[in-house]
Amino acid sequence: HTHWATPDITFALPRCSSMSSAAIIGAGSVGSTIASFLIWGGAYEEIIMIDINKERCEGEVMDLQDAGFLTDTQVRMGEYKDASSASIVIITAGAKQRKGETREALLQRNVRILSSIAKSILPVKDDTLVLLVANPVDILTQLFQEISGIPRERVFGSGTFLDTMRLRTELSMRYNIAATHIHTYIVGMHGDLQIPLWGVGNVASVPVEEFFRLTEKDKKAIGDAARDKAYKIISAKGSTYYGIGACVAKLSAGFTQNRHQIYQLSTWHPQYGCYLSWPAVVSKKGVSGIVPVALTVKETEIVKKAAATIRFGVKNALNPKKSKL
């Protein structure tokens with residue numbers, strides 16, 4: 001008979017302080033779905049879930065831990081202070097609009113939430129990145145940056161990333177070309193003030209309009225479908241989370257794994273003096289630069305209107321009695 005010797009080794013090693021980690025603030029359906037995509041991709045050694053609803057957070061953590069074996073990712077519940085040393089902080093927490101509540105009142109509540117989060121996690125490491133997902137994402141991203149004082153290149157939002165993916169998917173489904181090989185972008189402000197850039201899009205170097213022989217009617221129908229898809233999903237099932245979960249997981253990995261990829265996200269645009277959804281280069285240092293996209297007269301008009309709306313929203317949230325659009 002063979003007897004296996006039991007070595008006198010203790011495997012309970014201390015947690016390494018330099019391990020890659022993502023802290024997700026908000027363990028609701030969006031935050032938890034983001035976590036599940038991050039686990040699947042194996043982007044981080046550790047995922048920390050943080051929420052004021054401790055019971056819900058603990059349940060999500062236990063459920064996510066059951067998936068951790070896929071990529072040997074550790075998942076744990078944490079406190080706000082744990083986010084200060086994370087590689088990236090993903091903020092999904094934000095107030096939802098109450099029945100009859102004005103947008104101004106909603107923004108005020110979100111300012112209080114963001115201020116509380118900033119106060120709880122500061123100071124953060126010199127290389128910690130912050131990604132905002134809560135809506136209105138462009139306004140809240142700029143608000144968080146101004147409230148926290150973290151450098152602009154290290155604070156960004158999901159912006160029109162998902163809208164752009166919806167546009168590419170819509171084209172893919174209509175014309176049977178892989179969405180990953182359709183290079184079109186939606187810029188502006190996530191929501192009603194977003195605009196597809198048809199003139200600069202291409203498929204294998206051929207302009208999108210030419211490749212798909214798009215008419216003005218086609219472009220409007222496809223752009224509207226991309227913009228309004230969220231409303232249809234919410235009407236059918238109450239909320240959206242798979243699409244944004246996939247986008248945020250892809251985006252955050254692009255930053256922390258230093259991929260120098262180009263994504264459309266909410267970032268500071270010096271020409272417009274505010275955060276704006278725009279194609280930008282991502283690296284482990286944050287946003288390395290924005291892409292100098294050429295706009296038509298109509299596109300410029302909508303982008304300027306979006307920028308004015310974002311600037312007003314930020315100013316109104318910080319000084320509600322003094323702002324005028």
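Reader: Is Asn-258 buried, partly exposed or exposed?
Author: This is a predicted model, and the answer is computed from it. Asn-258 sits in the loop between helix 9 (242-256) and strand 11 (262-269). Its relative accessibility is 30%. Buried means under 20% and exposed over 50%, so Asn-258 counts as partly exposed.

Reader: What is the phi of Asn-258 near?
Author: Most residues other than glycine have a negative phi. Asn-258 is a residue other than glycine, and its phi is positive. The value is near 55 degrees.

Reader: Where is His-260, a residue with phi near 55 degrees?
Author: The phi of His-260 is positive, and the residue is not glycine. As for its place, His-260 is found in the loop between helix 9 and strand 11.

Reader: Which residue does a cis peptide bond join to Pro-123?
Author: Most peptide bonds are trans. Pro-123 lies in the loop between helix 4 (103-121) and strand 5 (129-132). Omega of the cis bond is about -5 degrees, and the partner of Pro-123 is Leu-122.

Reader: What is omega for the cis peptide bond that joins Asn-135 and Pro-136?
Author: Pro-136 has its place in the loop between strand 5 and helix 5. The bond from Asn-135 to Pro-136 is cis. Its omega is about 0 degrees.

Reader: At what angle do the axes of helix 5 and helix 10 cross?
Author: Two packed helices are described by the angle between their axes and the distance between the axes. Helix 5 covers residues 137-148 and helix 10 covers residues 297-318. Their axes come within 9 Å and cross at roughly 50 degrees. That angle makes helix 5 oblique to helix 10. The angle asked for is roughly 50 degrees.

Reader: Is the crossing of helix 5 and helix 10 left-handed or right-handed?
Author: The angle between the axes is roughly 50 degrees. The hand of the crossing of helix 5 and helix 10 is right-handed.

Reader: Are helix 6 and helix 8 parallel, perpendicular or oblique to each other?
Author: The axes of helix 6 and helix 8 (residues 216-237) come within 9 Å. They cross at roughly 120 degrees. The crossing is right-handed. Roughly perpendicular covers 65 to 115 degrees and roughly antiparallel starts over 145, so helix 6 and helix 8 are oblique.

Reader: Which residue forms a salt bridge with Lys-54?
Author: Side chains of opposite charge can pair when their charged atoms come close. The closest N and O atoms of this pair are 3.1 Å apart. The partner of Lys-54 is Glu-79.

Reader: How many residues apart in sequence are the parts that Lys-54 and Glu-79 tie together?
Author: For the salt bridge of Lys-54 with Glu-79, Lys-54 lies in helix 2 (residues 54-65). Glu-79 lies in the loop between strand 3 (74-77) and helix 3 (80-83). Lys-54 is partly exposed at 38% relative accessible area, and Glu-79 is partly exposed at 39%. The parts tied together are 25 residues apart.

Reader: Is Glu-60 buried or exposed?
Author: Glu-60 meets Arg-56 in a salt bridge, 2.9 Å from N to O. The two are four residues apart in helix 2, so about one helical turn separates them. Arg-56 is partly exposed at 39% relative accessibility. Glu-60 has a relative accessible area of 17%, and it is buried.

Reader: Which residue forms a salt bridge with Arg-174?
Author: Arg-174 is found in helix 6 and is partly exposed, at 40% relative accessibility. The closest N and O atoms of the pair are 3.1 Å apart. The partner of Arg-174 is Glu-170.

Reader: What is the distance between the C-alpha atoms of Arg-174 and Val-206?
Author: Arg-174 and Val-206 are 32 residues apart along the chain. Their C-alpha atoms are separated by 17 Å.

Reader: Which residues form a nonpolar patch on the surface with Trp-40?
Author: Trp-40 has its place in helix 1 (residues 29-41). It counts as exposed, at 62% relative accessibility. The patch has about 410 Å² of accessible area together. With Trp-40, it is formed by Phe-69 and Leu-70.

Definitions and conventions:
Residues numbered from 1 in each chain as written. Predicted model: local features only at pLDDT ≥ 70, side-chain atom pairs only at ≥ 80, totals over all residues. Heavy atoms only, no water. Patch = residues over 30% accessible without salt bridge, like charges linked within 9 Å, V, L, I, M, F, W, Y side chains within 5 Å. Areas by Shrake-Rupley, 256 points an atom, 1.4 Å probe, with all protein chains shown as cover. Salt bridge = Lys/Arg side-chain N within 4 Å of Asp/Glu carboxyl O. Buried < 20%, exposed > 50% of the residue type's maximum accessible area, 1.4 Å probe, protein only. Axes fitted to C-alpha atoms, helices over the stretch in contact; angles between N-to-C directions. Parallel < 35°, antiparallel > 145°, perpendicular 65-115°, else oblique. Left-handed = near helix turned anticlockwise from the far one by under 90°.
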